[in-house]
Amino acid sequence: MSKLRIVIALGGNALQRDGEVTAEAQKSVAEQVGKTIAKLSSKYDIIIAHGNGPQVGNILIHEEVAATPSAPAMPLETAVAMSQGQIGYWLSQAIDNAFTREKRHKQVASIVTQVIVDRNDPAFRNPSKPIGQFYDAQEALKLTKSKGWQMREDAGRGYRRVVPSPKPIDIVEKKQILTLVEAGVIVIAVGGGGIPVIQTKILKTLKGVDAVIDKDLAAEKLAELVKADMFVSVTAVPNAYINYGEPEQLALGMLSVKEVEKYIEAGHFGAGSMLPKIQAITQFARKKKVGIIASPDNLELALARRAGTIVQ
């Protein structure tokens with residue numbers, strides 16, 4: 001009997017505990033993730049996607065602070081690629097180590113992944129995703145003039161660069177990823193939502209663009225393309241909630257697509273937090289599949305449909 005195929009999307013913050021940002025601290029958390037993935041692999045074929053918000057933010061800060069005329073800062077799309085290599089390395093090594101300790105063997109591969117976006121996506125006309133470090137008003141104005149960055153005040157903490165967040169429409173390496181999955185390899189892909197690329201009009205060649213693709217939407221696209229049975233967005237809370245943070249807060253369990261759509265229309269989910277996760281799992285569920293939101297601690301139970309928010 002063939003195993004169920006699942007895509008697990010880990011948040012970029014999933015590798016950070018108590019705000020610790022050193023490589024060793026994040027590798028330590030990755031070790032715990034590796035143990036979980038190794039355990040689940042006996043029941044499921046697994047593809048892992050992951051966020052990169054904190055990590056790519058730190059890479060950008062390093063690039064901007066250390067930039068010189070002879071060693072200029074790398075562009076955002078290249079920083080996304082750097083974060084894919086960094087996190088992919090941590091996760092693949094952690095999973096490998098978990099198998100070694102269990103005296104089992106299963107191949108793991110991390111794929112530097114390009115995700116195609118539409119050059120005419122409205123997001124390019126309205127950049128909204130804050131990235132990088134904070135600046136005061138004078139510094140922000142200087143960067144707008146010198147680099148052409150769009151800057152926006154962020155919750156009273158200062159000004160940050162904002163970039164487009166276009167929707168993913170295809171994955172360049174989809175055939176390679178599917179080949180590995182069908183060969184029984186645990187694959188790590190579309191890290192940080194993927195490296196955003198557009199296709200040129202005439203030759204259809206690829207070109208990187210400075211943008212950030214939502215991790216959950218990219219992971220859902222990956223789940224579609226690898227013909228997954230279930231798509232799981234792993235986050236800090238065990239469920240999605242309505243009336244979150246209020247006395248009448250209610251955890252959502254098993255839901256239909258229509259029920260979730262009503263909650264979305266009522267504005268129950270935060271645009272920068274739970275909304276993209278809910279949208280992604282609902283979009284996947286529309287394909288007559290199963291979309292799940294779960295925390296790391298209840299992931300195994302959620303896959304058995306005994307915990308988490310489940311849309312089908």
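Student: Which strands does helix 4 lie across?

Tutor: In this predicted model, helix 4 (residues 137–147) lies across strand 5, strand 6 and strand 7. Against strand 5 it runs at about 125°.

Student: What makes those three strands a sheet, and in what order do they come?

Tutor: They form an open sheet in the order 5-7-6, with antiparallel pairing. Strand 5 and strand 6 (150–153) are called edge strands because each pairs on one side only. From one strand to the next, the twist averages 40°.

Student: How do you know that strand 6 pairs with strand 7?

Tutor: Count the bridges! Pairing takes at least two bridges, and four join strand 6 to strand 7 (residues 159–163), so the two strands count as paired. Take M151: its bridge partner in strand 7 is R161.

Student: How far apart are I95 and T36, in sequence and in space?

Tutor: They're 59 residues apart in sequence and 8.5 Å apart in space, going C-alpha to C-alpha.

Student: What is the reach of helix 2, and what reach is expected?

Tutor: Helix 2 (residues 53–66) has 14 residues and reaches 20 Å from first C-alpha to last, close to the 20 Å expected at 1.5 Å a residue.

Student: What do the buried residues of helix 2 pack against?

Tutor: Helix 1 (23–40), helix 3 (76–101) and strand 5 (129–135). Those buried residues include V56, I59 and L60.

Key
Residues are numbered from 1 along each chain as its sequence is written. This is a predicted model: local features need pLDDT of at least 70, side-chain atom pairs count only at pLDDT 80 or more; totals for chains, interfaces and linings use all residues. Side-chain values use heavy atoms; hydrogens and water are left out. The expected span of a helix is 1.5 Å times one less than its number of residues. Buried means under 20% relative accessible area, exposed over 50%, partly exposed in between (1.4 Å probe, protein chains only). Contact means heavy atoms within 4.5 Å. Axes are lines fitted to C-alpha atoms, for helices over the stretch in contact, and angles run from 0 to 180 degrees between N-to-C directions.
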